[in-house]
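Subject: Structure handover and notes

Dear colleague,

I am passing on the structure below, together with some notes on what I found when going through it. Please keep it open beside this email as you read.

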Amino acid sequence: MPTPFKSRKKVTVPSAARVEAAGEEASRERAYSWFPGHMRKAMRQLEEQLSLADIVLLVMDARIPQSSRQPDLEKMLSLRRKEYIFVLNKADLADESETKLWLQALRSEGCHACTLTATSGRGAGPLESVIARLRQTIQIQRQKKGLLSRDPRIAVAGIPNVGKSSLLNRLAGAVRAKTGARPGITRGNQWVAVSGKWQILDSPGILYPRIEGEENLTSLVAAGCISTNAVPMEKVGGLMLKRLLELNKQREVFAQFPVNLKSEPLELLEQFAQYKNFTLSQGEPDLVRAATLLLKLFAQGQFGRLTLEPCPRKQPPADNNQIAN
């Protein structure tokens, strides 16, 4: 069984006075509450439906593997002793070497994991062998109980806009669920039967209640997992630009932009707005427009295959024989 996902460390939201005193670094640790009422309802409904499922596919975005994990779902499934598989979707948009490292990291936790591009290809792909074993297990269990065999029941779950409905359509071999490049397309649980193969449950995206810090928020906004309507676009845009510069991806789109990694994210975004001649009527740099352009270019794949959240590297063990100066 997969091991339960370790709960995220809660961050105490500092008061306005403390944030101002602590400066930019403290403000980045702010936690954002993001759990609309329909998500709470969807979580309750999904919990009821999961009792009918034989296995759950937890879909993640391969570009933001850490932020697209749903620890509440993982905890629920582990408590119910329900088998689940991590599916790193949109693998064609992510850095291949980073995706391999993330797969190794997930498997080292004792989890089952695979990669997929739900919008291309047909059938279950890398999931085929897993589902085949599941079918055999179900048949044996039902035969022991004197029941007729049935197709496996597969639930597809995850946070918004990671490609759950696209995966359902691929498994179904036809368009059975609405898809789109924005969160909230699927509004309710729906079972889709593929005769002789499997039954599939598509579910609405369910985000975790607290988004811990602006780095986490930036990943979710960039991948389209949450709407840009109620987020600090200037901060998101600045952090997004700094990541692009650190990954040396900016040269693929704006080669002449002067790079200064020592600048703070907001300063970088101001420089980028000036570079693009994005100004407001008062002559100030239009930071929201600059941030919106960066997110649009990322969504269009203009920076190439890119993983915004590289897999953490293990630190090499300290050399005890080395004599400190």
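In this predicted model, W191 stands opposite L201 in strand β7, and Q190 stands opposite D202, also in β7. Strands here are DSSP runs of E with at least two residues, helices are runs of H or I with at least four, and both are numbered from the N terminus. β6 and β7 (residues 198-202) pair in the antiparallel sense over 5 bridges, where pairing requires that DSSP finds at least two bridges between two strands. The two strands form a hairpin with 3 residues between them, and in that turn G196 has a positive phi of about 80°.

L201 is also the bridge partner of A155, and β5 and β7, which run parallel, are joined by 4 bridges. In general, the strands of a sheet pair through backbone hydrogen bonds, in either a parallel or an antiparallel way.

Taken as a whole, the sheet is open and has 6 strands in the order β4-β3-β2-β5-β7-β6, with mixed pairing. Its edge strands, each pairing on one side only, are β4 (112-115) and β6 (190-194). On average, neighbouring strands are turned by 25° against each other, with direction ignored.

How many of the residues of β7 are buried? The strand is mostly covered, with 4 of its 5 residues buried, a word that stands for under 20% relative accessible area, while exposed stands for over 50% and partly exposed for what lies in between (1.4 Å probe, protein chains only). Helix α6 (residues 128-144) lies across β2 (55-61), β3, β5 (153-158) and β7, and runs at about 115° to β7. Contact means heavy atoms within 4.5 Å, and axes are lines fitted to C-alpha atoms, for helices over the stretch in contact, with angles from 0 to 180 degrees between N-to-C directions.

Two loop residues also deserve a look. Most residues other than glycine have a negative phi. R81, although not a glycine, has a positive phi of about 55°; R81 lies in the loop between α4 (71-79) and β3 (84-89), and counts as exposed because its relative accessibility is 65%. N277, in the loop between α10 (265-275) and α11 (287-299), has a positive phi near 60° and counts as exposed at 63% relative accessibility.

Residues are numbered from 1 along each chain as its sequence is written, and side-chain values use heavy atoms, leaving out hydrogens and water. Local features need pLDDT of at least 70 and side-chain atom pairs count only at pLDDT 80 or more, whereas totals for chains, interfaces and linings use all residues.

With best wishes
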